Amino acid sequence: MQLFPCPFCGPRDETEFHYGGEAGNVRPDGTDVPIDRWANYLYMRGNPKGTTREIWVHMNCSEFFVMERDTVTHKVLSSTALSGEHAA
Amino acid sequence: MTRRYSALSLFREGLAGQTGWKQAWRSPEPKPSYDAIVIGGGGHGLATAYYLAKNHGIARVAVLEKGWIGGGNTGRNTTVVRSNYYYPESVELYGLAHRLYEGLSKDLNYNVMLSQRGMVNLCHSSAEMEVGARTVNAMQINGIDAELFSPDDVRRVAPIYNFAPDARFPVFGGIWQGRAGTARHDAVAWGYARAASRLGVDIIQNCEITDFIVEGGRCRGVQTTRGMIRADRIGMAVAGHSSVLAAKAGFRLPINSYALQACVSEPVKPILDTVVLSPGTGVYVSQSDKGEIVIGGGLDRIPSYAQRGNLPTLETVIAGLLEMFPIFGQLKLMRQWAGIVDVVPDSSPIIGESPLPGLFLNCGWGTGGFKAIPAGGTLLAQLLATGKHNDISRPFDLDRFATGRLIDEAAGSGIAH
């Protein structure tokens, strides 16, 4: 059983968290978006082996946050509250 | 000198003290160039090489495997073979694989121990039963054997299921495919390897791709830990690590990698003569020929490249298993393992040319690549040989994520993605 650090509640059981996707995947703006860009936003992922930045939600407090994590070792490198800057 | 397996060769080797068997496949040094390279020595990669040689006469082929053949997901699955899918595109694809599996032992001269013991997908409510009827209709219209099971039918094939009146997952019926079953997973890899090697394919193990050679906008070869190897046509079948190779080739894929775990119990006498899947518990189970109870469940909840799986998911799987079969509470678990699977938004594979011309994809099989090995191999071989899609692989091209023509098989894949 792994503990994940919620920036608001501290270390909690991994089952309390839900994965929300890769950080930095910004929804295209405007009405004139080429289909490749939409496909890129909707479906294409970096899916790195190693360090990655991800959006997670702590379901108990409903807060979204950014967690830096290693996908091979499962080691958590950082956990910070979601801000406009982090989402981008 | 005994190369071909038969009753006579077994008898002859028995008399000769088993001293004449030859190694099943050669282990040559890599050549500087080939007509085609297949990256990944799992089931799909080995099958691709075999069908390139057999169907298209292209035998100057190298299979490059970073570890040992069949050491990835081919050795980490639950060995189920089935084609009980919903959409016509999927039925064509998995139906092809299923038919080829039925003749595979003969084709490869290698016993893959296909055991068509049938499979039932349980329905636990009248609403699920209606969806079940719809699925059975779709399968029958598409020419796949399917039957709608009553509770009595389920009781006949799986009498040890928990049919108690207070069962948490009562049985209202099920979707039955009688031709479904299991096959020996290692034998599938070894059989393809042996048959491909006999046709001239070079199987090169401990050979990891470090980079792609791109000239004039086309993929012309690969850099490996065993030197540079050139070919104008390269296919990759590296389930779990498709994104890693795509990054080296300069593009992204619609894939998230997750661990999918499974486990087996100690071997016991025959007690379960079919494959049982419960969407309610998310668990599926069969008994191996050795007597072990083989238990599979859903994906781990965390994107991962760690081939081990986590405890909360295992607990969910075992809890679900014991709701279905309380009698299994006496069993001891012997092994647990996980493979890294390519999870795609529509739960259907990706087969086709990649954004880098000359590099072709066979990936995104998610939790169900094993059952599709003969089809994945046939179709990638055709792409490599001709550069063109077969009618069966066309709908699974990467372009569907831009056109929006997705094949959403989240239900047919059986396990929630």
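Phe17(A) is buried in the predicted model, with a relative accessible area of 1%. Its ring forms an edge-to-face aromatic pair with Phe4(A), at 5.5 Å centre to centre and with 70° between the planes. The two partners belong to distant parts of the chain, 13 residues apart: Phe4(A) is in strand β1 (residues 3-6) of chain A, and Phe17(A) is in strand β3 (residues 17-22) of chain A. Phe4(A) likewise counts as buried, because its relative accessibility is 0%. Ring pairs extend to a cluster that comprises Phe4(A), Phe17(A), Tyr19(A), Trp56(A) and Phe65(A). Over all chains, the structure holds 19 aromatic pairs.

In chain B, Tyr5(B) and Tyr110(B) form a tilted aromatic pair, with 6.0 Å between centres and 55° between the planes. This pair links positions 105 residues apart, with Tyr5(B) in the segment before α1 and Tyr110(B) in the loop between α4 (104-108) and β4 (119-123). Tyr5(B) is partly exposed at 31% relative accessibility, whereas Tyr110(B) counts as buried at 16%.

A nonpolar surface patch is formed by Leu8(B), Phe11(B) and Leu15(B), which together have about 380 Å² of accessible area. Leu8(B) is located in helix α1 (residues 7-15) of chain B and counts as exposed, because its relative accessibility is 53%.

An unreviewed UniProt entry lists residues 37-80 of chain B as "domain: Rhodanese". This span is 32% helix and 18% strand, and its end C-alpha atoms lie 28 Å apart. The mean pLDDT of chain B is 95, with 98% of its residues at 70 or more. The model scores ipTM 0.92 and pTM 0.95.

Key:
Residues numbered from 1 in each chain as written. Chains lettered and ligands numbered in written order. Predicted model: local features only at pLDDT ≥ 70, side-chain atom pairs only at ≥ 80, totals over all residues. Heavy atoms only, no water. pLDDT = per-residue confidence, 0-100. UniProt positions renumbered as here; feature names shortened; annotations may be inferred. Helix = DSSP H or I, 4+ residues; strand = E, 2+ residues; numbered from the N terminus. Patch = residues over 30% accessible without salt bridge, like charges linked within 9 Å, V, L, I, M, F, W, Y side chains within 5 Å. Areas by Shrake-Rupley, 256 points an atom, 1.4 Å probe, with all protein chains shown as cover. Salt bridge = Lys/Arg side-chain N within 4 Å of Asp/Glu carboxyl O. Buried < 20%, exposed > 50% of the residue type's maximum accessible area, 1.4 Å probe, protein only. Phe/Tyr/Trp six-rings, centres within 6.5 Å; stacked < 30°, edge-to-face > 60°.
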